[in-house]
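Take a moment to look at the fold before you go on.

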Amino acid sequence: MADIVRKQKVSVEGATVRERLQAMDDSAVVTAFLGGEERAFSELVTRYQTRLLNFVYRTIGDREKAEDLVQEVFIRVYRHLHRFDRSKKFSTWVYTIASNLAKNELRNRSRNPLVLFQTVQKNFQDEDRPLQFEDTTSRPDDMYRKRHLREIVEETVAKLPEHHRNVFILRELEGKSYEEIAEITDCNLGTVKSRLNRARNSFAEIIAPYVD
Amino acid sequence: MDCREFCDQHLAFVDDTLAGIELVRMQRHILECEACASHDAKIRRALLLFRNLPSIEPSADFSQRLEARLRTCQNDNLFVTTQPNLRRSAIAATVASAIMLAYIGSTLFHSDAPRDLVMSPVVATVPEPELTPITTSTPAIVASVSAGLTIWPAALFAEQVPVRFAHSSLELANYTR
């Protein structure tokens with residue numbers, strides 16, 4: 001009986017800690033983790049895993065590799081969190097790590113001509129496609145059109161030059177400010193704006209015939 | 001506003017970061033220029049398409065794999081934190097033993113070699129002048145001095161009496177001459 005009560009008490013305490021962590025901002029969660037609260041790291045993972053996965057996946061185009069890279073991001077965060085400058089934004093730091101890892105991956109790939117972005121895109125199986133993309137209320141031809149359109153969008157993004165794509169995804173998908181993008185990509189503000197403008201124009205230019 | 005200016009400002013226009021007056025000028029230009037209006041629509045439509053791409057979710061075993069990797073990382077961290085201490089003490093011990101061996105070696109190696117005799121420097125000093133010891137009078141004389149005087153001056157006086165007498169008798173002899 002006492003054992004059950006103790007177990008219930010522990011679970012209630014765990015739940016309160018989790019709730020408290022959920023209510024905190026990133027900086028406070030980081031402080032809690034550095035203060036010895038291991039569960040704070042899980043909270044950071046929960047907050048960033050999907051966002052980072054989408055960012056890395058859109059950058060490199062390989063879902064499996066994107067997951068590996070996101071895991072690597074969290075490992076690095078875990079190892080080096082004590083060195084993180086807490087006067088800066090945690091999200092910017094995490095995205096910087098992810099961006100660098102994605103960049104390295106693309107660089108390694110370019111050295112190996114056998115693995116190309118397009119190849120990876122074509123190998124993407126139908127079963128792997130996210131379910132939310134399909135709208136079951138739509139007619140089959142609509143579904144086909146949507147799927148086709150999505151493929152085109154992904155291929156178009158993949159066609160953008162790497163430094164344009166990176167800035168484009170950070171802005172349009174992640175909603176980062178110009179300043180944050182400049183920090184993440186280690187560029188000045190002018191370069192970010194110019195790259196973003198070019199990326200938007202190129203993307204719109206390529207996609208336009210399919211949209212009209 | 002001309003089309004060139006419109007294109008230059010278009011990034012801020014799409015992102016809604018233009019100041020009020022600039023925004024009005026851009027909107028007015030769109031109404032006037034069909035090409036720029038078409039360009040604006042094309043960009044906005046493309047962005048809408050991209051922003052609405054479905055989000056992908058991490059696979060089911062993502063968390064488990066991450067936890068396993070973090071556990072390994074924790075163990076590595078423990079190893080890394082204990083490792084520098086061990087390494088530091090090993091280095092200190094090695095250095096200490098090396099110094100000790102060097103010292104022992106040098107003493108053994110140089111023990112047979114002829115050495116120059118090194119003596120402490122001699123410092124010559126002027127000998128202090130010998131002080132004439134104060135001879136005390138016999139207790140009998142000291143005891144005989146009257147109680148009105150201090151004892152030691154009286155004893156000295158008593159001691160020097162013959163000298164003074166001799167001196168005065170010499171002086172007297174000189175005067176009489």
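Predicted model: local features only at pLDDT ≥ 70, side-chain atom pairs only at ≥ 80, totals over all residues.

Residues are numbered from 1 along each chain as its sequence is written, while chains are lettered from A and ligands numbered from 1 in the order in which they are written.

**Chain B**
- Chain B holds six helices and zero strands, taken as DSSP runs numbered from the N terminus (helices: H or I, at least four residues; strands: E, at least two).

**Where the chains meet**
- In chain B, 22 residues are in contact with 30 residues of chain A, a contact being two C-beta atoms, placed from the backbone, within 7 Å.
- On the side of chain B that touches chain A, α3 (34-51) and α4 (62-110) each supply at least two residues.
- The most comes from α3(B), with eight residues.

**Helix α10 of chain A**
- Helix α10 of chain A covers residues 189-211, 23 residues in total.
- A kink of about 30° sits at A:Glu205, shortly before the proline A:Pro209; the bend is the angle between axes fitted to the seven residues ending at a residue and the seven starting there.
- Buried residues of α10(A) include A:Val192, A:Leu196, A:Ala199 and A:Phe203.
- Residues three or four places apart in an α-helix point the same way, because there are 3.6 residues a turn.

Terms used. Expected span 1.5 Å × (residues − 1). Buried ≥ 20, exposed ≤ 12 C-beta atoms within 10 Å, placed from the backbone.
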